[in-house]
Amino acid sequence: MIQTMLIANRGEIACRIARTCRRLGIRTVAVHSDADATALHVRSCDIAVHLIGDAPADTYLRIDLLIDAARRSGADAVHPGYGFLAENAAFADAVIEAGLVWIGPPASAIDAMGSKVRAKALMREAGVPVLPDSSVESLDEIGFPMLVKASAGGGGRGMRLVRTAPELEQARADAEREAQSAFGDGTVFCERYVERGRHVEVQVLADTHGTTVALHERECSIQRRHQKIVEEAPSPAVDPALRARMCAAAVAAAERVGYEGAGTVEFLLDADGGFAFLEMNTRLQVEHPVTEAVTGLDLVELQISVAEGRPLPPEAVDPPLLGHAIEVRLTAEDPDADYRPSTGTFHAVELGEQVRVDTGIDAGSVISPFYDSMVAKVIAHGTTRDDAIRRLAGALRDARVHGPTTNIAQLRRILAHPEFVAGRLHTEFLDEHPCTTPPGSDTAPTVPLLAAALTLQARNRRAATTLPGVPSGWRSNPAVEQFVELAVGGAEHGSQHRVGYHLGRNRSFTIDHEPVAAEVDVGVDVDVDVDVDLHVDRAAPSPAHARERVTVVVDGVRHVLEVHVVSSTAGGRGTGGATVYVDGPGGSVTLHEMERFPLPGSTLAAGSLVAPMPGAIVRLHVSVGDHVAAGQPLVALEAMKMEHQVHAPADGIVAEILVAAGEQVDSGQVLLTIDDTGDDTGDEHGGAT
Amino acid sequence: MPVVHDEIDERSEVFAANRSALLQLIAEHDEQLALANAGGGEKYIARHRSRGKMLIRERIEYLLDPDAPFLELSPLAAWGTDFPVGAGVVTGIGVVEGVECMISGSDATVRGGASGPAGVKKSLRALEIAIENRLPFISLTESGGADLPHQSDIFIPGGQTFHDITTLSAMGVPTMSIVFGNSTAGGAYQPGMSDYVVMIDKRSKVFLGGPPLVKMATGEESDDESLGGAEMHARVSGLADYFATDEIDGIRLGRQVMRRINHRKLGPGPSGPGRPPRLDPEQLLGIASVDLRVPFDPRQVIGRIVDDSEFDEFKPLYGPSLVTGFAEIHGFPIGILANHRGVLFNEESEKAAQFIQLANQIDTPLVFLQNTTGYMVGKEYEQRGIIKDGSKMINAVTNSSVPHLTINMGSSYGAGNYGMCGRPFGPRLLFTWPNAKTAVMGPTQLAGVMSIVSRQSAESMGRPFDEEADASMRAMVEEQIERESLAPFMSGKLYDDGIIDPRDTRTVLGIALSVVHTNEVRGRHGTGFGVFRM
């Protein structure tokens, strides 16, 4: 019987595994890197072991360190979670060799499914339908478009879609390199690509007594860059007959490799109801909670039970299918900026009470550039799909996620999209309906801007030590309005607005110098202690992270907003630098208070190219003196396991290169400078620039 | 605690009449402020902006701590003269990096920022306030120098500007000049005499003689930048301590200086935040008499400006035409002297003299709420020594050394103006309600006196008295005196520090009290005598 479980993972999945262990009375051991020392998963476990370093290769991927951690902490079992070493047969072997219980399938099954090429061969033997691929079929038989896939690993890394023959070579090379870097195995293969296919997978569970069952399907068609972001069970495209066929194929696949424990067989479902095996994930899936919701089972508990040698219980052998469940993945990345990863500190993480939340972060959590960008999952369960959609949309609308940019706005838009609501899903859904911030939506959000300006002025007055009791912005001659400049959205692709205001007897407000239409009444909620901030109630006691409730009435409509101000600088006199999160029934807006007095020199020299995010330099495509054309990739940067290119903004000549391959860079760090090609005296650059 | 009892009936005719008339006067005052704010007019504002420059009030707005107050002073200077309203200068008290400062700057859209006689007076008044209250002084400099055709009214008095800046410095009060444009000839001593000088690249021009004058004097060919550009002064002459890239950067540097002046106020701080009055300040508009013959109870005003409407009256039964007592405004303790029913009699004068001595004994600032027609005349009062008693009061006011703040709520006539700490008696700050009048006596009385005198003169010389001429003379004199006693006229002559909306009285006094506590607050005591019981 397992007494102490080492969870060889981090983030939300480590927290989720710990939760079941705690319920079952099993003591938990967390492991953590330097950057994760205070992470939520560490706090969710009973014991923690420090793995020195940050990079996964130094920490969460070090089999020797993990076995040692288990030994030192007295663990008798190891749960690998997903990702990292979850599908690493050598790790499974090492765990078992160390005399510990391995929560996962036998190493042989991992091995068999670990190579997609080999797995497909086995499936062909077992009579499970597969797509033609380059291991068997010729490129002509496969045809375009085709997908270049890494044989190892998963999660969309080392994957490239190729539509025409000339693209193939480059795509192969890129995929090989990415696969080598991500999985240590550069093997790739080409497979027929099914346009507008649906990703439907079946959860399987096998005990050590020869019972293998399917726990129905999940649909995970909404993906970005081949990574799932919305998953649901059951699939709106699967009827009972199809379900029965797919489940049978999945059980056959699992049995073929002698599977034990929880696993997932992934299929591609075409528009005609035909399906083909994609791969098998020999681990717990990220999206397992939707299956748990509709079956009422706890998959982690069942994994443990199987590992302890118990037969599957009756409720797992004949699982119910109750209602409908949908999961969204909250990621720290910006869909409006090509899914650029974001880093930094979360100041508030509240994802709702009427839904299941599997999170790896809470207020105060820091997102480092070293690991996956997924930070939490929100799962809603309803009697019908519509019911689940509405519950989930409601939870996301009321969510408070303050900190690095996340995809929450995109998730809200997906859930509201008519095609999604209609259940017409396919893997190119987001290519057709990006659900990013629509163009033209940079019009000033009047109500949040006013709420932010009012809150900031109230905070300024509260912090004032001189003449604190005098009304805010009082003027004997109100000639010029008070103002604050706020940027909406990200610092680069957002819009900037100036909110002007007089708070005297003749109140007035302007946004970008235009009077705000209709009457604006900010005096509805009266602050009880200070008359200067008549419109702001203090909701939380801490001045650094106080939440305020602001009431703004525009055009007779009363808006109650929650405003959360986070100051980057302590003790400033309100001259900029604060981040303002405004949440209300109309949604959430993040505003950045512009620096009123930017330091000279803080603006970059012309032609400087900066790192768009923290990360490591993978490659430099150019050298000093090279002529470059606008749009040409110059530097490849790896961050959060994704490769990002920095492109030339205009034609020019590379004047200076300030970084080297392998170097870790910070967001905003200058990588290289480019002289524009306006004049020919290209050798004049030097110390003077 | 005794709280002022609300005796105001909002439905009364008097209240309604006062309120509507006062609102009208406030609107008229706002029009005059708009004139001052419009500076040199659209054309010059457009030209100023086309050079990428901010208007003076915009510069001040940037300089101030966000959402902190600004008390502009003498905005109607030069009202009623040939010079533009505001006199082309903006002065006021504002908070910069938590420090209450005197801020002064020329409006370059008005005659290139050149100072006229009223502008000089206004600047000097600002410096005087800075010296009396130890306020750090920030000059936002951009001035073409003296308005030369009026040099005779500027040259001699204007020199005091430089004298006063360095006086402040010697007192240990930092001074700073941020030079936004021209500061040439005599104006060059503005930065020259300042403790800290910020100059702005390509904008600041500071030299004694420009290229034409240099050419005339020595034949040397030169240009603005080499004679007085910011970079030259920052790198070569050393006149500039800080070199800014643009206006906002100049203001940033100015704020940086103020952050580091290690500012300490010499007076005590407030006892607490100070609760707002229980009675509604909005009602002050219905209380203040527009017809000055109608008296009003100053307690109803006090109850609307002091903390929690709490007022501890001193000697309420003695000399009831003058209300005296203690209260707090924004947490600062004050003694109040307020006229009731206009006239100061013997008892009122003695009560005032005693109360002023008491306030000095306990180092408590005094607030004078004026609404007086002066000291009582007539046989009975002369025989009871009204001159002696009035003199005691004026003596006490003169030699009192606690800070005085004066609000003219209605009339300020005759020697009553002196006894109630009018301008000649040096209150630290003096503000006027829009309905108020100030003169040696009321227009009717003055015209009547003149008429009686000329009638007597005609009689004594045996000449027939021309009734018709007398009537027209009386009308003319009445009209002139009335006009010259009005608030804008007094403001125009710098006889007050500004006209304020009565509803702002508490705020203005709150700022003023904080300002006076920047200096030591010490009454006249330890003179060897105790307080004289009168």
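This is a predicted model: local features need pLDDT of at least 70, side-chain atom pairs count only at pLDDT 80 or more; totals for chains, interfaces and linings use all residues.
1. Starting with the packing: the largest nonpolar core has 58 residues, and the members touching the most others are B:M102, B:I336 and B:L369. The biggest contributor is helix α21 of chain B (residues 505–516), which supplies seven residues. There's also another core lying apart from this one, with 35 residues, including A:F346, A:L351, A:A388 and A:C435. As background, nonpolar side chains in soluble globular proteins tend to be buried together.

2. B:M102 is worth a click. Setting aside residues up to four places away in sequence, B:M102 touches B:L73, B:G92 and B:I93 on one stretch of the list, then B:A126, B:I129 and B:A130, and finally B:L135, B:P136, B:F137 and B:I138.

3. Next, B:Y242, which sits in strand β7 of chain B (residues 242–244). Its relative accessibility is 24%, so B:Y242 counts as partly exposed. As for B:I200, it is 42 residues from B:Y242 in sequence, with a C-alpha to C-alpha separation of 8.4 Å.

4. Still in chain B, have a look at helices α5 (residues 151–158) and α6 (residues 160–170): their axes are 6 Å apart and the packing angle is about 20°. That angle is under 35 degrees, so α5(B) and α6(B) count as roughly parallel. The contact brings B:I156, B:P157 and B:G158 of α5(B) against B:Q160, B:T161 and B:F162 of α6(B). By type, the residues split into three nonpolar and three polar, with no charged ones.

5. On to the rings: there are 13 aromatic pairs over all chains. One of them is A:Y60 with A:Y371, an edge-to-face pair at 5.5 Å centre to centre with 80° between the planes. This pair ties together distant parts of the chain, 311 residues apart: A:Y60 is in the loop between β3 and α3 of chain A, and A:Y371 is in the loop between β20 and β21. A:Y60 counts as buried because its relative accessibility is 0%, and A:Y371, at 1%, counts as buried too. Both rings belong to a cluster linked by ring pairs, together with A:F84 and A:F370.

6. Finally, a pair that crosses between chains: A:F483 in strand β23 of chain A (residues 482–488) and B:Y62 in helix α3 of chain B (residues 56–63). The A:F483 and B:Y62 rings are tilted, 5.1 Å centre to centre with 55° between the planes. Both A:F483 and B:Y62 are buried.

Key. Residues are numbered from 1 along each chain as its sequence is written. Chains are lettered from A and ligands numbered from 1 in the order in which they are written. Side-chain values use heavy atoms; hydrogens and water are left out. A nonpolar core is a set of buried Ala, Val, Leu, Ile, Met, Phe, Trp, Tyr and Cys residues joined through side-chain atoms within 4.5 Å. Buried means under 20% relative accessible area, exposed over 50%, partly exposed in between (1.4 Å probe, protein chains only). Helices (H or I, at least four residues) and strands (E, at least two) are DSSP runs, numbered from the N terminus. Contact means heavy atoms within 4.5 Å. Axes are lines fitted to C-alpha atoms, for helices over the stretch in contact, and angles run from 0 to 180 degrees between N-to-C directions. Angles under 35 degrees count as roughly parallel, over 145 as roughly antiparallel, 65 to 115 as roughly perpendicular and the rest as oblique. Ala, Val, Leu, Ile, Met, Phe, Trp, Tyr, Cys and Pro count as nonpolar, Asp, Glu, Lys and Arg as charged, and the others, Gly among them, as polar. Rings of Phe, Tyr and Trp (its six-membered ring) pair if their centres lie within 6.5 Å; planes under 30 degrees apart count as stacked, over 60 as edge-to-face and the rest as tilted.
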